[in-house]
Amino acid sequence: WWGEPIFTFVACVRKHAETFQLTDECLYWVCAYANNQSDVQLEGSPDESPFCVALTRAEGALVVMDHNATTFTRAWCAFENVLVSKKQKKYAFAATGEDGVAVVLTHRPAPVDVSRAEAEHPREIDRFSEDAQPKRQAMFPMRPLERALVADLEQAEASNKADKEAIFKLVEQKYGGFRGANSRIRVMAATTMCGKAVAHNGIPRVLAESTDKFHLSCQINMLQEVISRAEPGLRVLRKADSLTIQDPLEPDLLTALEPVAEAVEDCSDLSQLKLFWQRSEITDAHTRSFLEKVKSDKLKVVTIQLEETKVGDDTARAMGSKFRTCRSLKAVKLILYNTMLTDVGGREVGGIRSPELKILDIWLQNTNVGDATGKAFGECLRVSPKLEKVNFHLYDTSFTDDGGDHLISGLISKVLEDLSIQLFVTDDRSTVVGDKTGVALAKVLGRCLHLTRLWLGFAYTALSCVSVESIGASLAKCTKLQKLHLDFCGNRNENPTQAAKLDDQACCKLVTALKHLQALIELDLRLHYTKFGNSAAQALGHSLEKCTKLEKVNFDFQATSLTDSGGQDVANSLKCQNMVDVSVSFASCAVADETGKALADALRKGEKLKIVHLDLRGTDVSDDSRAALGGSLEQCASLRKLDLKLDRTKVTEERAREVESQLRRDGLELNIQTQLHTGPGSCDDATPTSLPPAGHPSEFPRRHVPIIAATPQAGVPGQTGPPPANPPRGVPPMSPSAEGGGDHHNAATPTPKNAAESPVRVVPITGASPRKAPRLPGFLELPPTEEQDVSTSRETNSISADDAAPPNVPSSERRDVHVPPSPSRPAPPPPGFYPAGREAVVSPTTPEGQAPIVAPQQRPESQCALQHYQAQAMMNLELGTRMLYKSSSYGCWIPCHITQVCPQTGHVMVDVKHGCWLLPDPQVLCFPSGLKFAAFEQ
C-alpha cells in the first residue's frame, strides 16, 4: 500500500539501512517503483509475480506500515507478507512514531544491536544485543501491531477483482488456506511484539494457534506475562522452534522461572535454546529443574550463559544428560566462568558427542575444573570432524600439562577456521601447562590449513623456548590467517613453576613465520616481560613488509630487551597504508628519540588511521620525539582517537600540553599523559596501553583499584614490604569501603597541582565476583563483599547513610529514604569513587587526610559552565525529584527519582543506581520536561 507520505517511506528505508548496517552497495527493490501499479503484467499465478521473483533473490523484506496498518487490509500486501514468512526470509516492520521519527521493529536483535553490544560488552555480545533490542524499538506505534494480530486475508481488498480472486485461489491451494495464511501474518506481529517487550492479550492465542514453527526472543518476565494471559489449557509454546530467554531488567528471574519452565515442556520440536541468566541469584536447583523440562531431543543450537552465579556440578549434570540425548547438535556455547563448577561437573559438560558439531565455545575460567574436564572435551573433539570454530577459555583453572595435552590433541577437524585456546595464568595457584601442551598445539596447527582466525593465550605458563619455536614453524603453514592473536608474555618475577622468559632467538623464529601470512588483517602480538630484542624486531620488520593488508596492529613489548635500533625496526613495520588501528607499547624499554621519530614517520603514511595508542612511559624519548609525533599526527585527518602516554620520559609537561593544543579538534578523542606517576610506583603498575580484544583477562569485570602511587604491599604477588604507616604529605589515603576495614586500601592518590591540566585518572570499581578474581598486573584486589551488602540490603530494605555516604558529610546531616532491595546489583563502591563507566578527576581542594571528592572530567573551558549548572540544579534537588539518568550500559536515558541528597556537596543518589553518589552533571543527570518524561514512561 502506497498511501503514506513519500518522506515517511524514505525515512523508514534509511532507518532500516542504519539498523541493519547496510552499505551503499545494498539495493532495495521497491514494488511501487519497479512495477506499473495500474498494469502489472502477470504471466502466471500470483506467486510468480515480479515481487515473488525479487523476494526469491533478496535477503529479506521491509514492511513499511502506516498507523492504520492498511498493509494488512490489501490483498497483494497481505499475500506478500505470507510469502515472506513461507520463504523464511529476514523481515522487519518500519513505521514512524508520534514524533515523526522512523523506528524499525525486528523479531531478533539487529546488527546495530550486536555491534553496540560488541563495542560496550565484548564478552557478552549475545546477551546485550538481546537487551538492546527492546530499547531501540520502544517508540514503535502499537496500533498497527494490534491490527496485525487480527489480520484476515479473506477480508482484504484489491483494486483489480481478478487479482484478488487469483490470490485467494492460490492461498487455498498452496498456503494452507486462509487459516494458515492468517496465522503466518499474526505470528510475525506477535513475535515482534514480544521483542518489543509489550504484552498483549491477543499474543497467547496467536502463538498457540500457529500453524508453523516460529522463533521467539524475549525477556523471561515478558514471556511469563504472555503465558499468564493465556486461557487454561492453551499451549503457547507448542510450535516454538527457537527460543531465546534472557534475564529481566528487574531482579524477578526466579519468580518467572517456574511458569516458563512448564510452558517450555510443550516445545517437543525445539531446535534452538538460548538462556542468558548471568549474575543472578539462580542456583543449581532452579537450572536443573528447568533443563529437565526441556524434552526436545532435536536441539541443534544451545547457548547457556550463567556466569557469576551460584550454579555448579548439578547444573552441569543436567546439561550433560541433555547433551547425550541430542545427537544432532551443531553449535554449543557455554559461559560458566566464576561459578561453583568443579572437575566433576566439567567432565559432565564435556559429554557432548555429536558428529554434526560445527561450533564449540566454552568459557570455564575461574572455576575448579581440571584435567578430567580436558580429557572429556578431548573426546568430544575427536568425534566432531566437522568443527569449524573452537573456543576454550580455561585460564585460572586447575589444568596441568596432561589436561592441556588431552584437550588439544583431540582436535582432528581439517575444516577448522576459527581456533582460540586460552590457558594462561593470572595468579600463582592455577593453570600450569607446559611443553606437552605446546607440542600438541604445534601438531594441530600443522594440519589446520584453513584457519582464518587464531588466538593463542599462554602468558605466564611453562612453555619453553623450544615449544614456542615449534608453534612458530607450524604457524607458517596457516597461510589463510586473517586475524592472529599471540600472547606469550613472561612474568616479571621469576616463578619456579614457569619456564624462563622467551629469549630473543625464540621470539625471532616466532615472528619470522608472519612473512608467510600475507592475508593478515589483524595482528595482536603480546610479548611483554620477555627477552624480545633487536634481532626479533628486525625479523618482525622484514615479515610485515609482505603483510600489505594489515589494518589493525597491537604490539605489547613493555619491559623487553629492545633498544633504539629494534624500536626503529618495529616502527618501520607500521608503514602499511591500509592501517586503521595502531597500538604499540615500548614502556620501560631502552628506546629514545630515534624510535619516536621512526614512529612519527610511519604514522605520517597512514592515510586511513583512526585509532592510535602509543605507550612510551619510562623511555628516553624527549621533546624532539614529541614534536615529530605532533607534526605527524596533525596530518592524519582521519584520526578519531589518540592515546599518548609519556609518563616518566624526558618530555616536559608544558611541551606535551602544546601538542594537545596542536591536535585538539572536533571529532578527535584526545588523551595525552605526562608525569602522572609522582610516587615510587613504576609504569609497570599502569593500565594496559589499549583495551584488549574480547577474551583477554583484563576485560572481565573485577573489583580492582589501580595503583596510582603505591608503596610495595605485603602479601600481594609481585610486591614486598609492609604497608606504609602514614601516607606522604599531600597524598590523602583512599577512604575504606563500608564493607569492613581499610587494610586493602593501601594505594594512595596524589593530589595534582592543577587538576584541569594534570588529571589523576581513577578507574572505578566495576562489580564483584562470587569467586576469587585473579590479580592483574598493577591492581590491588578488594575483598568480595557483594554478598554482605546484598544481605544487609535485604534485611533493612534501605541503604544506610553511614555505609554509603558522600565524602566529608557528618552522619547527622544525611538524609535516608526507603529503597527496594536489589539482590542482583553489585556492592556500592567506596566513597570517593564515581560510578562505573565514568572517568573522574580528584579535586585539588581536598583536605589532607580525607577521602577525595570526585567530579566528572571536563575540559578546562567547560568547568565554569558545569559549576553554573550545578549551582542552578542544587536549588531544585529534593527527595523524590524526578530526573533522567544516562546509563552507560544501555546507552540511553532512564527515568529515575532522587532517593538521597547531600546538602553540603550536592551529591545525590537515585533509585536506579543504588549505592552510588552522583553529581548533577548534565551528561549523567538531567531534569526532563513533562513531555519528555511522558514519552519515556510510554
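This is a short chat about a predicted model of one protein chain.

User: What is the average pLDDT of the protein chain?

Analyst: The chain averages a pLDDT of 75, and 71% of the residues score at least 70. Over residues 676-875 the pLDDT is below 50, and that stretch has 404 contacts in the model beyond near neighbours in sequence. Residues 929-938 are also below 50, with 13 contacts counted in that way.

User: How many helices and strands?

Analyst: The protein chain has 28 helices and 27 strands. It has 938 residues, of which 55% count as buried.

User: And what share of the contacts with a separation of 6 or more comes from residues 24 or more positions apart?

Analyst: Such pairs account for 80% of those contacts.

User: Changing topic. Where is Asp-581?

Analyst: Asp-581 is in strand 16, which covers residues 581-585.

User: Is Asp-581 buried or exposed, and which side chain of opposite charge is nearest?

Analyst: Asp-581 is buried, and the nearest side chain of opposite charge is that of Lys-552, 4.3 Å away. The cut-off for a salt bridge is 4 Å between a side-chain nitrogen of Lys or Arg and a carboxyl oxygen of Asp or Glu, so Asp-581 has no salt bridge.

User: What is Asp-581 in contact with?

Analyst: Leaving aside neighbours within four places in sequence, Asp-581 contacts Glu-551, Lys-552, Val-553, Leu-609 and Ile-611.

User: Where does Leu-609 sit?

Analyst: Leu-609 lies in the loop between helix 23 and strand 17, the latter being residues 611-615. Leu-609 and Asp-581 are 28 residues apart along the chain, while their C-alpha atoms are separated by 6.2 Å.

User: Why does Leu-609 count as buried?

Analyst: Because its relative accessible area is 1%, and buried means under 20%.

User: What does Leu-609 touch?

Analyst: Not counting residues up to four places away in sequence, Leu-609 touches Met-579, Val-580, Asp-581, Val-582, Leu-603, Cys-636, Ser-638 and Leu-639.

User: Leu-603 is in helix 23. At what angle do helix 23 and helix 24 cross?

Analyst: Roughly 5°, with the axes coming within 8 Å. Helix 23 is residues 593-604 and helix 24 is residues 623-634. That angle makes the two helices roughly parallel, because angles under 35 degrees count as such.

User: Which residues meet there?

Analyst: From helix 23, Asp-593, Gly-596, Lys-597, Leu-599, Ala-600, Leu-603 and Arg-604. They meet Asp-624, Ser-625, Ala-628, Leu-629, Ser-632 and Leu-633 in helix 24.

Terms used: Residues are numbered from 1 along each chain as its sequence is written. Side-chain values use heavy atoms; hydrogens and water are left out. pLDDT is the predictor's confidence in each residue, from 0 to 100. Contact means heavy atoms within 4.5 Å. Helices (H or I, at least four residues) and strands (E, at least two) are DSSP runs, numbered from the N terminus. Buried means under 20% relative accessible area, exposed over 50%, partly exposed in between (1.4 Å probe, protein chains only). Lys and Arg count as positive and Asp and Glu as negative; His and the chain ends are not counted. Axes are lines fitted to C-alpha atoms, for helices over the stretch in contact, and angles run from 0 to 180 degrees between N-to-C directions. Angles under 35 degrees count as roughly parallel, over 145 as roughly antiparallel, 65 to 115 as roughly perpendicular and the rest as oblique.
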